[in-house]
Protein chains: 2
Amino acid sequence: MNTVIDSMMKRRSCKSYRPDPVPQELIDEIIETGLYAANWMGRQMPVILAVTDPETRNTLSRLNAKYDPLKRPDPFYGAPVILCVLAPKSDPAAVEDGSLVLGNLMLAAHSLGIGSCWIHRARPVFEDAEGLEVLRRAGLDDSYTGIGHCAIGYPAKTTDRIIPRKENRVFRL
Amino acid sequence: MNTVIDSMMKRRSCKSYRPDPVPQELIDEIIETGLYAANWMGRQMPVILAVTDPETRNTLSRLNAKYDPLKRPDPFYGAPVILCVLAPKSDPAAVEDGSLVLGNLMLAAHSLGIGSCWIHRARPVFEDAEGLEVLRRAGLDDSYTGIGHCAIGYPAKTTDRIIPRKENRVFRL
């Protein structure tokens with residue numbers, strides 16, 4: 001198993017973070033890797049809104065909780081940095097391309113010893129008046145739809161186990 | 001830049017393949033890595049239909065061309081192996097989860113020196129009567145929707161360049 005495949009098999013969604021800040025250069029490296037995800041017709045339409053400001057991070061957490069059926073107090077599990085992936089509503093591959101960006105973000109984070117988790121509900125969050133206000137402050141607008149949030153931070157605990165997958169997921173012809 | 005990030009930045013969609021077969025053990029390693037993609041609530045709902053049989057591969061190519069606005073004679077660019085990713089229609093995260101599987105497949109292939117490309121139109125292909133017949137032969141049925149095809153094969157040419165991304169894709173708060 002090569003290093004890349006090993007990394008993909010050991011990455012896990014992190015659901016508990018230490019509050020320690022993530023160095024800016026690591027955040028930037030993760031973001032840059034996200035921009036290299038495969039994308040429809042090479043158009044590179046998804047964008048990333050990187051939130052490190054604690055107040056904005058907490059606003060997004062509160063908004064996320066508003067749409068969370070589980071009503072967790074902090075759906076970001078304490079992660080200090082939230083990388084929001086959005087794409088133009090007009091992009092026919094918005095969800096596919098945005099998902100691939102999130103996949104790269106999560107794997108890049110893992111390869112740097114940073115925990116990550118896809119947190120959903122980005123669509124309703126950025127349709128909410130308060131979410132739209134966050135977009136506007138960042139220089140974006142309602143022509144973008146939210147695909148997902150990549151929460152990142154130092155994991156409270158790590159594991160190196162490769163956990164077997166469910167059976168009957170591969171078919172052949 | 002670590003090996004994993006380097007690999008993500010150098011992976012490119014391959015649009016020209018050599019006809020040489022891909023060894024089964026490499027195909028299996030790529031498929032297995034796809035199963036390790038992050039997924040909604042850990043439910044591992046997406047499945048992979050791996051097509052190596054030339055006749056079935058050509059049927060899927062012909063069906064794909066039927067829905068291809070560009071009407072290419074072979075939308076799979078000559079790739080000998082097609083890994084079709086599908087997910088239950090009932091899965092609310094079908095597109096997101098299936099896309100992450102495709103992301104892992106493409107990167108795993110790249111890490112093994114195999115070219116890959118996401119070929120779209122899997123939804124109409126597997127809603128087509130002929131596509132459904134392919135699903136049934138594989139042991140699947142119309143409760144699944146197609147997310148995408150990952151074409152894989154040895155690339156006709158390779159490049160090691162990291163190509164700069166478009167600007168204005170990162171916003172910060």
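**How chains A and B meet**

Trainee: How many residues does each chain bring to the contact?

Mentor: Keep in mind that this is a predicted model. Residues count as in contact here when their C-beta atoms lie within 7 Å. On that basis chain A gives 46 residues, and chain B gives 46 residues.

Trainee: Which element of chain B gives the most to the side that touches chain A?

Mentor: Several elements give two or more residues to that side, among them helix 1 (3-10), helix 2 (24-34) and strand 1 (47-51) of chain B. The top contributor, with ten residues, is helix 4 of chain B.

Trainee: And how many residues on that side of chain B are nonpolar, polar and charged?

Mentor: Eight of the residues there are charged and twelve are polar. The nonpolar ones come to 26.

Trainee: What kind of axis relates the two copies?

Mentor: Chain B superposes on chain A by a rotation of 180° with 0.0 Å of shift along the axis, at an RMSD of 0.0 Å. The copies are therefore related as by a two-fold rotation axis.

Trainee: Which residue of chain B comes closest to that axis?

Mentor: Go by the C-alpha, which lies 2.5 Å from the axis for the residue you want. That residue is B:V4.

Trainee: Why do we say the copies meet through the same surface?

Mentor: Check the interface residues of chain B against those of chain A. The copies share that surface because the fraction of chain B's interface residues that are also interface residues in chain A is 100%.

Key:
Residues numbered from 1 in each chain as written. Chains lettered and ligands numbered in written order. Predicted model: local features only at pLDDT ≥ 70, side-chain atom pairs only at ≥ 80, totals over all residues. Contact = placed C-beta atoms within 7 Å. Helix = DSSP H or I, 4+ residues; strand = E, 2+ residues; numbered from the N terminus. Nonpolar A, V, L, I, M, F, W, Y, C, P; charged D, E, K, R; others polar. Least-squares fit on C-alpha atoms with pLDDT ≥ 70 in both.
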